[in-house]
Amino acid sequence: MNYNSTRNKNAVVTASQAIAQGISEEGGLFVPQELPKYTLDDIKALAATDYKGRAKKILGDFLSDFTEEEINESVEAAYTAEKFGSDDPAPISYIECGDKKISLLELWHGPTSAFKDMALQILPHLLTKSVKKTYNGKEAVILVATSGDTGKAALEGFKDVDGTKIIVFYPVDGVSPMQKRQMATQKGENVSVVAIKGNFDDAQTGVKKIFTNAEIKNKLAENNMLFSSANSINWGRLLPQIVYYFSAYSDMVNEGKIQLGDKINVAVPTGNFGNILASFYAMNMGLPINKFICASNANNVLTDFIRTGTYDKKRQFYTTISPSMDILVSSNLERLLYHLTDGNDKKVAELMKALSENGVYTVDEEIKAKLDKYFWGGFCDDENTKKTIGSLYEKENYLADTHTAVAVNVYNQYVEETGDKTPTVIASTASPYKFAKSVLTSITDEALPEDEFAMVDELSAKTKTKVPAPLAALKDAEERFSFACEVDEMPQTVLNGLSIN
């Protein structure tokens, strides 16, 4: 299987090239030329195995220039009980919301307590193998822009991995105290963390510009280095996310929640659009999905796009209690546009140019009709996010984080508007302990302690739930990174970090 660029179909690369390179030369994203097709018998076979078995099958079908041994090695190293707390890295909690039954797909049991672990524990294995196949002897420099969770998950995945260096940029006031603490105390000799004086979109745009800066790329080449990415613009980040939607469906069949062949809905709290896009790929491979419910916070650019067909990033940016969704430029939407236009790279390039130059674009009626067929968009502000957390805890004794609560709230909006009560999988994307203050104030009116870790302890005591061990360990961890730079200083910061003049 080969891959094209969303902006240039003449750019054709292997799977390992797509993963090693991260992004195409002209700024497009790599997409598979075709998708493997799974029958109900294939899904039945997936249901008969465990998470690792499902991952090996799906990754093997996409990564055709990897050997079976390389796939097995990567999967076995990534999804261990030691890292995820059990042999099932993505368990489901079943709860009732009024008369609606939902399946909360818990994707946050990994080492950084966020769904990004599901991909970023395996990406280093895929990337180092890819670089060896395509650029043997070169050192991979991983650049990451993060709105909170990706940064820590990438740092944890790549720390002390031979042949790699990783530099993470995050908005100085745009992540939770716990997320900042996770990154500032990161261990590893090959890691670097930098705050930027801007928002996530500034960080993401800055990283993309560095990727396509010929002068900087030449300097790296002179030092036997090349850029790659751990953001979901990298196919090696997005591909592992497809697995957990097939796995969730398999588990629901095994547990008698649905019959094989029944359709489900998927609701995802969405920022950069990668997580929900993975479920769209799963549907196009044969997974029976009826509707994709795209949940946004107050930064509701995706809601407006799905409802109107106009993507307009020229709007107020809100810093919310669900910071991983504080995004106005959703990079992976570009991949969706490519598929909805049947691979029209010229049209996608035009839309992306319009977004870059004018901050807005509008899709045609054909694309809008496909959006309406597959997607429903809604948003939830901070006040209603807190109400949802409180309601889930009071009525269901389920403690949700601020992102999962957005998805639950928007799902309830969807059912109220459409009456559709198809069994629904909601992606639960982070531990509530990563956002202890917001969660605590959602379930109690009592005065809060001032210290973040005191809030964590209070949340645990009040709810009789356990603090994830990696978060508890942060309390006494040494802070290593406190540097902040202006957005326009990012390129030089990268060169300085690599000791390149």
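A salt bridge here is a side-chain nitrogen of Lys or Arg within 4 Å of a carboxyl oxygen of Asp or Glu. Asp304 sits in helix H14 (residues 301–308) and Arg315 in the loop between strand E12 (310–312) and helix H15 (333–340), so the pair ties together parts that are eleven residues apart in sequence. Helices (H or I, at least four residues) and strands (E, at least two) are DSSP runs, numbered from the N terminus.

Some words on the source. This is a predicted model, where local features need pLDDT of at least 70 and side-chain atom pairs count only at pLDDT 80 or more, while totals for chains, interfaces and linings use all residues. Residues are numbered from 1 along each chain as its sequence is written, and side-chain values use heavy atoms, with hydrogens and water left out.

Is Asp304 buried or partly exposed? Asp304 is partly exposed, at 26% relative accessibility, and Arg315 is also partly exposed, with a relative accessible area of 26%. Buried means under 20% relative accessible area, exposed over 50%, and partly exposed in between (1.4 Å probe, protein chains only).

Next, Asp149 and Lys434, whose side chains meet in a salt bridge of 2.6 Å, N to O. This pair links distant parts of the chain: Asp149 is in helix H8 (residues 149–158), and Lys434 is in the loop between strand E15 (424–428) and helix H20 (436–443), 285 residues apart. Asp149 counts as buried at 2% relative accessibility, and Lys434 counts as buried at 0%.

How many salt bridges does a search of the whole structure find? The search finds 20.

Now the nonpolar side. A nonpolar core is a set of buried Ala, Val, Leu, Ile, Met, Phe, Trp, Tyr and Cys residues joined through side-chain atoms within 4.5 Å. The largest one has 107 residues, and Leu63, Ile242, Phe246, Tyr361 and Phe375 have the most contacts inside it. Helix H12 (residues 235–254) gives the largest share of this core, eleven residues. Leaving out residues up to four places away in sequence, Phe375 touches Phe273, Ile276, Phe280, Lys291, Phe292, Ile306 and Leu336; contact means heavy atoms within 4.5 Å. A second, separate core has 26 residues, including Leu29, Leu220, Met225 and Leu495.
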